[in-house]
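Open the model in your viewer and keep the selection panel at hand. We will go stop by stop.

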Amino acid sequence: MADQEMIEEVEIHDLTKILSSPERDFLIRNNGEQVKLDSLKGKKVALYFSASWCGPCKRFTPTLVEAYNELTSKGDFEIVFVSADEDEESFTSYFSKMPWLAIPYSDSEVRESLDSVFEVNGIPFLVFIDDTGEVVMNEGVELIKEYGAEAYPFTVDSLNAIRVEEEEAKKNQSLNSLLVSKSSDLVISSDGKKIPVSSLQGKMIGLYFSDSSYGRCVKYTKELVKVYKEIQKENGSEFEMITIPLDDEEDSFKEDLKSLPWLALPFKDKRAGKLVKYFELSSLPTLVIIGPDGNTLQQDVADIVGEHGSQAYPFTAERFEHLEELKRKKLESQTLEEVLVSEGGLDFVIGKEGVKVPISDLVGKTILLYFSAHWCPPCRAFLPKLTEVYNQIKEKDAEFELIFVSSDRDQASFDDYFATMPWLALPFGDERKEGLSRLFKVQGIPTLVALGKTGRTVSTEVREMVMSHGAKAYPFDEEKRKEIEKELDDLVKGLPVKVKVESHEHELVLAKRKNFCCDECDGPGEVWSYYCDDCDFDLHPKCALKEEEKVAEEEGKEEEEKDGAGGPKEGWVCDGEVCQRAA
């Protein structure tokens, strides 16, 4: 969580005054019971600004309810709901899910006044006030999301104490510091049995972050079950896994848990959120490996396990180096059949009308694999350019083909999108798609991968070459790339190292850039750019020089106006109304 905003000036409020009105000296519960405002004296109070029409509010309220219920036994903490609902019926329905107090909906004047007093610019908003009336924290939503009731009494000091504990835990990481909290030291098995974390000491542990409703996790879990069973068969009980569920629906979590041969944290367990933060989770699925000593062995092996299966065990750097060496050797002798024929025997792609084309018919050709989907706007924008380049290459080389590898969500979308393409495709939902994505480390779409005539991988960055150089980049290998780069290097010989243009405040420097978008014409560029490092500003050399000419012309006019009928500026030649740099 980002650093909490500390209150620069001490704010003191008399809650009995700011929460009351001349006609009312009480708050209400969701059963209609009236509670005198005097009952808040000596208590820590949180004002919860929320509304039923607000999606983030509705998602956050159950988390706040959980924290509140844990703290009610202390007897010195209360929450007051300040509604932003648009009608009383919505207020009543929403408030019925809350175990705390509220400003009556009818008292709109007080509710609006509180919005102003606490500068509420968005909801959900949660402000903590101590027993003296001092505002001690006004970013309570993030605090509760991250720490729940453990952040009590919700002051800057309590937050700092938690952070100190976290830093100490990182320095002295153990299985207990990761999986044991004040509220629980248990995990659960697929049949619901409670397993103490202490029974896992000394084992290698895989922490599997997953959401059983997310398509990628569903597919990956099935493969991971096979890998887990193979590791267990070979290594016995030395290795264990624990799912860290990030599900929103309990039913889907329970259904998924039944199929797992390993352990899990309970649904909506607060330890899951802490682990997400601790390991700085950025994607799903993620598989963290904890060594027998409790230290992190690998931050994420999901891709490696997906590619190598149980061979990745015991997940050491030496093992991964060995696997990479085997992969390099395999790639050196890679054939098209090894890439495109599945273990299950799928040995064809399809053309129009679903006609099957054997992979054997494509052997000896240069192949492009086009990872794309109809739902992806950049893919649709790239398709016309790719179609143009495809047709140009096919006219010159019949031994060239392209295969669409779809990430479409349904058959209808695939059919509609494929109908606009003149090339071949893997069938929709083909099992080979996942393996190809892993093999070529496809992180986003559109992606183009080139396979040479022998089946070896030529390049995984073909999209950039197509955008910048079109059919001229064929056959997309390193030799062709170097040839294009040399041509571009020759083109910039003699160009000024620095230029000044009207469209940018800073001087631009001629620089080598891998790929860029020209900020003048919005066209793609590669290798050479006039660049401003401070602003990440690029211009094609032709665009930059065109602009520089304009600047030079303006400078010439200014100089002429300044000098009257005097001669041109040194280094310039004036011809009529145009002044140019001297050759």
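Which side-chain oxygen reaches the backbone nitrogen of Glu89 at the start of α3? Select Asp87: a side-chain oxygen of this residue comes to within 3.2 Å of that nitrogen. This is a polar contact (a pair of N or O atoms within 3.5 Å; within protein, one must be able to donate a hydrogen and the other to accept it, and residues adjacent in sequence count only if both atoms are side-chain atoms).

Before moving on, some ground rules. This is a predicted model, in which local features need pLDDT of at least 70 and side-chain atom pairs count only at pLDDT 80 or more, while totals for chains, interfaces and linings use all residues. Residues are numbered from 1 along each chain as its sequence is written, and side-chain values use heavy atoms, with hydrogens and water left out. Helices (H or I, at least four residues) and strands (E, at least two) are DSSP runs, numbered from the N terminus.

**Stop 1: helix α3**

Select residues 88–95. Phe91, Tyr94 and Phe95 are buried here. Buried means under 20% relative accessible area, exposed over 50%, partly exposed in between (1.4 Å probe, protein chains only). Look down the axis of α3: the buried residues fall within an arc of 95°, so they line one face of the helix. The arc is taken over the directions from the helix axis to the C-beta atoms. Now show what they pack against: β1 (26–28), β3 (44–50), α2 (55–71), β4 (77–83) and β5 (101–102).

**Stop 2: Val45**

Stay with strand β3 and pick Val45. Val45 is buried, because its relative accessible area is 0%. Contact means heavy atoms within 4.5 Å. Leaving out residues up to four places away in sequence, Val45 touches Leu15, Leu40, Glu78, Val80, Val127, Phe128 and Ile129.

**Stop 3**

Axes are lines fitted to C-alpha atoms, for helices over the stretch in contact, and angles run from 0 to 180 degrees between N-to-C directions.

**Stop 4: helix α10**

Select residues 270–278. What happens at the start of α10? A side-chain oxygen of Asp269 reaches to within 2.8 Å of the backbone nitrogen of Arg271. Arg271, Ala272 and Leu275 are buried. These residues fall within an arc of 105° down the axis of α10, so they line one face. Their cover includes α7, β8 (186–188), β10 (204–210) and β11 (239–245).

Zoom in on Arg271, with a relative accessible area of 3%. Beyond four places in sequence, its contacts include Leu179, Ser184, Asp185 and Pro266. Just after α10, Glu280 takes a positive phi of about 50°.

**Stop 5: α14 against α17**

Finish with helix α14 (residues 377–396) and helix α17 (residues 462–469). The axes come within 10 Å and cross at roughly 80°, so α14 and α17 are roughly perpendicular. Phe382, Lys385 and Val389 of α14 meet Arg463, Val466 and Met467 of α17.

Technical notes: Parallel < 35°, antiparallel > 145°, perpendicular 65-115°, else oblique.
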